[in-house]
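My entries are set down in the order in which I looked things up.

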Amino acid sequence: MASDEEVQARARALSSPVRLRILRLCLHKARTNKEIADLLGINPATSLHHVRTLLANGFIEAEEERRGKRGAKEVPYRATKKSWGTRIPDASPVLVETFLQEIDGLSPDEIQVMRVGLKLSEENQKEFIKRMSDLVTEYALRPSEVDGLATSLFVAHHVDQTAN
């Protein structure tokens, strides 16, 4: 069982949209720090700071070193999926910001959206959320399919302030 310090360190590691985006980039394909920095449009030193934080908390792991185009040593990193089961206190703001960054620049036809209003008892709301969570977890923990298309899912459930 993790100590309080480890739990807090893991939560801090997942409190950054940049680190959450790095996890997504490294989920299906191992990537080097330079590749991560280039894909995110950030400085490699900034990327390395985030990579080291994720590495120290077990959210990514280093794969075997390789030589780059100019012979430089490169270390590819791959996400461990450990973040999936890690609770992030007050996660909504960081998850919403990460989502907004990830869809920035996508055209409307590249995003499938569902929006529905529900009025359910507390018991049925809990059942609905659990079933949704179980389904998403089932697919999230499956191995990546080599010929699959990498996609992302963002689900938000909230009180409808205008309909009560």
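The entries below go from the overall layout to single residues.

**Entry 1. Ground rules.** I am working on a predicted model, so noted at the start: local features need pLDDT of at least 70, side-chain atom pairs count only at pLDDT 80 or more, and totals for chains, interfaces and linings use all residues. Residues are numbered from 1 along each chain as its sequence is written, and side-chain values use heavy atoms, with hydrogens and water left out.

**Entry 2. Layout.** I counted six helices and four strands in the protein. Helices here are DSSP runs of H or I with at least four residues, strands are runs of E with at least two, and both are numbered from the N terminus. The order along the sequence reads α-α-α-α-β-β-β-β-α-α. The C-alpha atoms fill a box of roughly 60 × 45 × 30 Å along the principal axes.

I then looked up burial, where buried means under 20% relative accessible area, exposed over 50%, and partly exposed in between, with a 1.4 Å probe and protein chains only. Of the 164 residues, 21% count as buried. For contacts (heavy atoms within 4.5 Å) between residues at least 6 apart in sequence, 59% join residues at least 24 apart.

**Entry 3. Helix α2 against α3.** I took α2 as residues 17-25 and α3 as residues 33-40; they pack at an angle of about 115 degrees, with their axes 11 Å apart. The axes are lines fitted to C-alpha atoms over the stretch in contact, and the angle runs from 0 to 180 degrees between N-to-C directions. The crossing of α2 and α3 is right-handed; that term applies if the near helix is turned clockwise from the far one by less than a right angle, and left-handed if anticlockwise.

I listed the residues making the contact: V18, R21, I22 and L25 from α2, with I36, L39 and L40 from α3. By class, the contact has six nonpolar residues, no polar ones and one charged. In this scheme Ala, Val, Leu, Ile, Met, Phe, Trp, Tyr, Cys and Pro are nonpolar, Asp, Glu, Lys and Arg are charged, and the others, Gly among them, are polar.

**Entry 4. The rest of α2.** Which residues of α2 are buried? I found P17, R19, L20, I22, L23 and L25. These buried residues pack against α1 (4-13), α3, α4, β1 (60-62), β4 and α5 (92-103).

Entry 5. Leaving out residues up to four places away in sequence, L23 touches L14, L54, F59, I60, A79 and S83.

**Entry 6. N33.** N33 is in helix α3. Is N33 buried or exposed? N33 is buried, because its relative accessible area is 15%. A polar atom of the N33 side chain lies 3.0 Å from the backbone oxygen of P44. Beyond four places in sequence, N33 is in contact with P44, S47, L48, V51, V75 and Y77.

**Entry 7. Loop between β4 and α5.** I checked three residues here. I88 lies in this loop and counts as buried at 16% relative accessibility. Residues up to four places away aside, I88 touches A11 and L14.

K81, also in the loop between β4 and α5, has a positive phi of about 70 degrees although it is not a glycine. K81 counts as partly exposed at 27% relative accessibility. D90 is found in the loop between β4 and α5 too, with a positive phi near 50 degrees. D90 is exposed, at 71% relative accessibility. For reference, most residues other than glycine have a negative phi.

Methods: Polar contact = N/O pair within 3.5 Å; in protein donor to acceptor, adjacent residues only side chain to side chain.
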